[in-house]
Amino acid sequence: MTYAMIWYGAKVLKIETSAILKFETEALSSATIGKMSGKEATIFIVDQGASMGRKSNGRDESDLDFAMRYVWDSLATIMITGRTTLTVGIVGFRTDETNNALEGEEGYNNISIMQPLGPIKVPDLKKLQKSIKPSKTDVGDAVSAIIIAIDMIERFTKKLKYARKIVLVTNGTGLMDSDDLDETSAKLNEDGIELVVLGVDFDDAEFGFKEEEKDSLKAGNEKVLRDLADKCEKSIFGTAAEAVQDLSIPRVKDYRPYATFKGQLTLGDPEKYDTALCIDIERYFRTKVAKAPSASSYVVAEMAGDDEGDLKMEDATQGEGLTAVKNARTYKIVDESAPGGKRDVDREDLAQGFEYGRTAVAIAESDQNITKLETVASFSIVGFIPAERYERFFNMGESCVTVAARANEKARLALSSLVHALAELESYAVARIVLKDGKDPQLVLLTPSIEPDLECLIDVPLPFAEDVRLYRFPPLDRVITLSGQTMTKHRNLPTDELTKAMSAYVDAMDISTFGKDDEGNPVEYMAIEDTYSPVLHRINQAIRRRAVQPDEPVQPPPEVLMKYSRPPADLVKASATELEDLIKAADVKKVPPKAKGRRAKEAIKPLSGLNVDALLSREERSEISSENAIPEYKQRLGTAEDITTIESASKQMEGIIRSLIEHSLGDSGYGQAIANLGVMREELASLEMPEVYNSFIRRLKEDLLKEKLGGDRRELWWEIKKARLGLVDKRKTEVSTVSEEEAMEFYAMTTDIPMPQLPPSTFSPPRAIMSTITATALQTSYPPILPLSFNGNQPETIRLYPISNYTFGTKENQPEEDPSVLARLKRLEEHYELHGMRRTCEGILVCHEHNHPHILMLQIANAFFKLPGDYLKPEDDEIEGFKARLNERLAPVGSQFSGEGVNEDWEIGDTLAQWWRPNFETFMYPFIPAHVTRPKECKKLYFIQLPQQKVLSVPKNMKLLAVPLFDLYDNTARYGPQLSAIPHLLSRYNFEFVDVNGNVVAATPGQAPDPNGYVPQTKVLAGGDIEIDDLPANEEEEEI
């Protein structure tokens, strides 16, 4: 059984030799298909009788579900083209209800029109999936359903040019009226309707299926339908099993081509010479690169974004819970006289600039034509070359075919003469083609093609000089020495035995005749017409599966796509002997496991194999000198033959490092000690001997902290930690027994040395502790110097609690009120007309992580940042309304959490800033411009004092981030001017940093050096499902 019901996917365009050129392809884009294909009307008749709900022949699904696999795949294939000219209708028979145009007449009961004939969309498909189910009756005539389908097609298509088709899917178990078969087949032939009958478990000799113990009713119905199909001029009769099996095989359909160029092929300039050759031709694609469908970016519709985000999502397209993402771009220039120091400019006001070294060369729009090559559409031959001088690797891109213009005998004769001349002279022509006026020219190679019913020129693009790259590789059969001597016997050349073994293995793996045809004769195993792109068709199959069954997992790739991704098992088995001979000739050995003291890469030996050190009588050093420690240490390890030598060299390096530290005047020797440590760490890690270094660094740390290396050398430990020269962990080498957590804890500076007491003050004025570390947390033997107090006229000290003190959760989405920026501006204008200036309040919530302040802020749509809060309602009190807005954003709902910190009142602190919106526009300023007397909005930023514990819940369409203060500072490109100014606003406060136990461990000024080398970074506290590695920049537009 052969059929081509659906067409989707893409592979190759192939020229057919016929009067009208046709292309054979697996598919094209929907736009191209629309240009090439006509109108089609297809009606699927589905048997929904009660018997279709049975599971037959050992299948784990009902007969209806089994047969509907083909129907769903066909519908999904039609939908994905996006063509409105592909119309589909669905008729069900043996249904519980009756719904058709002939329902009042006898014999048309229990037949329902499930989908009127017309274009089908995804909502229609979902509706059909719910309605097509096995009924409770077996009453209903399949032939009557065909008559209903004929009537539907006739009414819809009238006398217009349509490809008409009816597909009947049934198991043939109901009663069937066979009296009107002749009239029905005559009508099908008269209207040119193709009839396809797919029977569940119908006998098909060609497919090789025969149902055992078939009841007489089904056998009789099967004969009736076969007779009907035989009487139709266009018909297919087969079993549903073959149709379902063939779903995994990409379908092929013929298409009419479209011309890439229509005009004249010239030889010489016809405007200058009367003898120039001009031939009217048409150029078509011969091969076309198939590309997989591209995916577009969407967001869930209810996640509409925040104020800035709306600029990217305006004019959203309608979809199944999805919203299209649109990008907008603004251009700004630095202008100190403009508010904010930047001024918007239109794209039309910009000039293109080209880099010239480190200088930008500007070219105005009026001069743009000097950078463009003025061309007109043309196709001209510029020269000829012998075929033997052309290298096939010059072929670039897709090939096209050039034929004479239709219905032009003179052009056909002229082109035939040119084709035969090139063939007889064994030459190719080089031509220059410009497809359209203003397009870039392209060089193509024209080769003659002569077939019985078609003479044409086939062309491929040629490279320009700058496209050609010349790579020189040494020959495989000889070695040329530096002196010019040629050697045919060399350790880098294969032996004759290896060459013969490889040749025999290649011959044994030959697949050119490994395949078998239907008669068992040897044929090509991997014929081009049987191979399909796995990536292309796998994506297409996944799209169809998701369209029909969005909640079901995507099925594994079919065998037809994976067949040629591995060699045939029989061929591998047959060539096993040759493979063994090749392994033996090549002396292939299994790579042994890595051993300690072995490097990943062996030292390169000279081609002569001589020992250069021995020739130069170079004495091996037994001691490593401190003046040249690094090179000598590397040399000792490079020539080491056993572990003892490596340990000895490392012991000497350890002594050199200790000596540098102990005899260092201040920190003068620290740099060399750090360099030696770094080399020692890297070398021992590469030799997979991390325990040698780890034991040394542990001893060194202990001696440093106990002041055994010439006094207090603790400053050096901070340098070691900064250079990350601690323990070698599993991340560095797999053989290490040190975990990453243990390596991080190792950097902590802890010791059992008793803390020295601070000396009593000799000054009577109060002293300020000018260190971030409090007296109770101090871990140094040199306490800070105590100057006079420097804390005048400052507000009260703020106490910050760690992030780990707070509980974070999520709650239902909070979609934005407006679909776009324009809509939000419009609403702002309406608010102003009714209630005057809009009042907005946002809170700066501060906590700390490793004694560094972090600001809690929201991120919406993975792109935009904002503080918790919103505009106040016209009737709201400022503070109470602000608290209500904070609760909307961050308060937990219901009984989601319980205990301390749940739904506690907000402590609203100082007003830190006011931002003004002068007009109905996107920008806000921290001042009111002089010419503005009635600002449209005022936004206040308040300091929010967080308690020691609190529960915060963020909407699921947002993320709650803890952004370190240093990341906000002077970072308007990412966070915008309002958020990047927060470090300035908070600099007026002194902070106390409290740990999880309630102890104050640090205080302003400055910050404590973290014992674990922690670097503050933005943390996702709640919402979303990914950790942010590189947050995108905020757009320049301010929120509205």
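Reader: What makes Tyr-390, Phe-393, Phe-394 and Tyr-428 a cluster?

Author: Ring pairs link Tyr-390, Phe-393, Phe-394 and Tyr-428. Rings of Phe, Tyr and Trp (its six-membered ring) pair if their centres lie within 6.5 Å; planes under 30 degrees apart count as stacked, over 60 as edge-to-face and the rest as tilted. By this rule there are 18 aromatic pairs. A word on the source: this is a predicted model, where local features need pLDDT of at least 70 and side-chain atom pairs count only at pLDDT 80 or more, while totals for chains, interfaces and linings use all residues. Residues are numbered from 1 along each chain as its sequence is written, and side-chain values use heavy atoms, with hydrogens and water left out.

Reader: Why is the pair of Phe-865 and Tyr-975 called tilted?

Author: The ring centres of Phe-865 and Tyr-975 are 4.9 Å apart and the planes stand at 55°, so the pair is tilted. Phe-865 belongs to strand E31 and Tyr-975 to helix H24, 110 residues apart, so distant parts of the chain are linked (helices, H or I, of at least four residues and strands, E, of at least two are DSSP runs, numbered from the N terminus).

Reader: How do you know whether Phe-865 is buried or exposed?

Author: Buried means under 20% relative accessible area, exposed over 50%, and partly exposed in between (1.4 Å probe, protein chains only). Phe-865 has 2%, so Phe-865 is buried. Tyr-975 also comes out as buried, with 2%.

Reader: What makes Phe-943 and Tyr-989 a tilted pair?

Author: With centres 5.2 Å apart and planes at 35°, the rings of Phe-943 and Tyr-989 are tilted. Phe-943 is buried at 3% relative accessibility, and Tyr-989 is buried at 3% too.

Reader: How do you know that Lys-701 lies over the face of Phe-746?

Author: A charge sits over a ring if NZ of Lys or CZ of Arg is within 6 Å of the ring centre and within 35 degrees of the ring normal. Lys-701 is at 4.7 Å from the ring centre of Phe-746. The charged end of Lys-936 sits over the ring of Phe-920, at 5.5 Å from its centre.

Reader: Why do Asp-191 and Lys-187 count as a salt bridge?

Author: A salt bridge is a side-chain nitrogen of Lys or Arg within 4 Å of a carboxyl oxygen of Asp or Glu. For Asp-191 and Lys-187 the N to O distance is 3.6 Å. They are four residues apart in helix H5, separated by about one helical turn. Asp-191 is buried at 16%, whereas Lys-187, at 23%, is partly exposed.

Reader: What makes Glu-682 and Lys-732 a salt bridge?

Author: Their closest N and O atoms are 2.8 Å apart. Glu-682 lies in helix H17 and Lys-732 in the loop between H19 and H20, 50 residues apart. Glu-682 is partly exposed at 41%, as is Lys-732 at 37%. The structure holds 48 salt bridges.

Reader: What is the largest nonpolar core made of?

Author: A nonpolar core is a set of buried Ala, Val, Leu, Ile, Met, Phe, Trp, Tyr and Cys residues joined through side-chain atoms within 4.5 Å. The largest has 37 residues, and Tyr-633, Leu-677, Leu-700 and Ile-720 have the most contacts inside it. H17 supplies the largest share of this core, eight residues.
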